[in-house]
Amino acid sequence: MSRRLSRTRRGARGPASRGSVTAETAAMLPALMIVLAAALWAIQAVAVQLECVDAARAAARAAARGEPLDQVRDYVRAATTPNAEIALTRDPDLTRVHITVEVRPPWAVSLPAVQVSAAATAVTEP
């Protein structure tokens, strides 16, 4: 009789938990997708930041050498994005470049943009 009781108890526990893994996965899947999308957006923002840093350094060197500022702006727009905000100042001593770009995820245009910026300074050549 003890065998029959143990089988009945085991059988009662088994069907009660059946399908719980599927239900938990279905409940967690939207949250997992949101976390994945946020991670991809963060990676995109970091990539744009690196592009801005590289473009600002190269633009500061080119402007400090005496390149025309319009050509330097065109170079920065080609290296980053067309909607980049570029501030160039060339003094007799220093040349400064400041680039600002707004990054939006391509899958959610309604979300607020993240502003990414980079600045570089070079000594102006005589």
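Reader: So, leaving aside its neighbours within four places in sequence, which residues is Val97 in contact with?
Author: Before the list, bear in mind that this is a predicted model, where local features need pLDDT of at least 70, side-chain atom pairs count only at pLDDT 80 or more, and totals for chains, interfaces and linings use all residues. Residues are numbered from 1 along each chain as its sequence is written, and side-chain values use heavy atoms, with hydrogens and water left out. Now Val97: with neighbours within four places set aside, its contacts are Ala56, Ala59, Ala60, Ala87, Leu88, Ala118, Ala119 and Ala120. Contact here means heavy atoms within 4.5 Å.

Reader: Leu88 is on that list. What's its bridge partner in E2?
Author: That's Val97 itself. Thr89 stands opposite Arg96 in E2.

Reader: How many bridges join E1 to E2, and which way do they run?
Author: There are 6 bridges between E1 (residues 85-90) and E2 (residues 94-103), and the two strands run antiparallel. They make a hairpin with 3 residues between them. Strands pair if DSSP finds at least two bridges between them.

Reader: And what's the strand order in the sheet?
Author: It's an open sheet of 3 strands, E1-E2-E3, with antiparallel pairing. E1 and E3 are at the edges with a single partner strand each, so one side of each has no neighbour in the sheet. From one strand to the next the twist averages 10°.

Reader: How many bridges join E2 to E3?
Author: 10, and that pair runs antiparallel. One of the residues involved is Thr100, whose bridge partner in E3 is Ser117.

Reader: Zooming out, what pattern does the chain follow along the sequence?
Author: α-α-α-β-β-β, from 3 helices and 3 strands. Those are DSSP runs numbered from the N terminus: helices are H or I with at least four residues, strands are E with at least two.

Reader: How far does H2 reach?
Author: H2 (residues 20-65) has 46 residues and spans 68 Å from first C-alpha to last, close to the 68 Å expected at 1.5 Å a residue. The expected span is 1.5 Å times one less than the number of residues.

Reader: Where's the kink in H2?
Author: At Met28, shortly before the proline Pro30, and it's about 35°. That bend is the angle between axes fitted to the seven residues ending at a residue and the seven starting there. After H2 comes Gly66, with a positive phi near 110°.

Reader: Which strands does H2 lie across?
Author: E1, E2 and E3, and H2 runs at about 25° to E3. H3 packs on the sheet too, touching E1 and E2, with its direction at about 145° to that of E1. Axes are lines fitted to C-alpha atoms, for helices over the stretch in contact, and angles run from 0 to 180 degrees between N-to-C directions.

Reader: Which residues touch the most other members of the largest nonpolar core?
Author: Cys52, Ala56, Val72, Val97, Ile99 and Val101, out of 23 residues. H2, H3 (69-79), E1, E2 and E3 (114-123) each give two or more residues to this core, and H2 has the largest share with 10 residues. Such a core is a set of buried Ala, Val, Leu, Ile, Met, Phe, Trp, Tyr and Cys residues joined through side-chain atoms within 4.5 Å.

Reader: What about Val76, buried or exposed?
Author: Buried, at a relative accessible area of 0%. The cut-offs are under 20% for buried, over 50% for exposed and partly exposed in between, using a 1.4 Å probe and protein chains only. Val76 is in H3 and, leaving aside neighbours within four places, contacts Ala55, Ala59, Ile86 and Ile99.

Reader: And where does Arg104 sit?
Author: In the loop between E2 and E3. Arg104 is partly exposed, at 37% relative accessibility. Not counting residues up to four places away, Arg104 touches Trp41, Gln44, Val109, Leu111, Pro112 and Ala113. Trp41 is 63 residues from Arg104 in sequence but 7.9 Å away in space, C-alpha to C-alpha.
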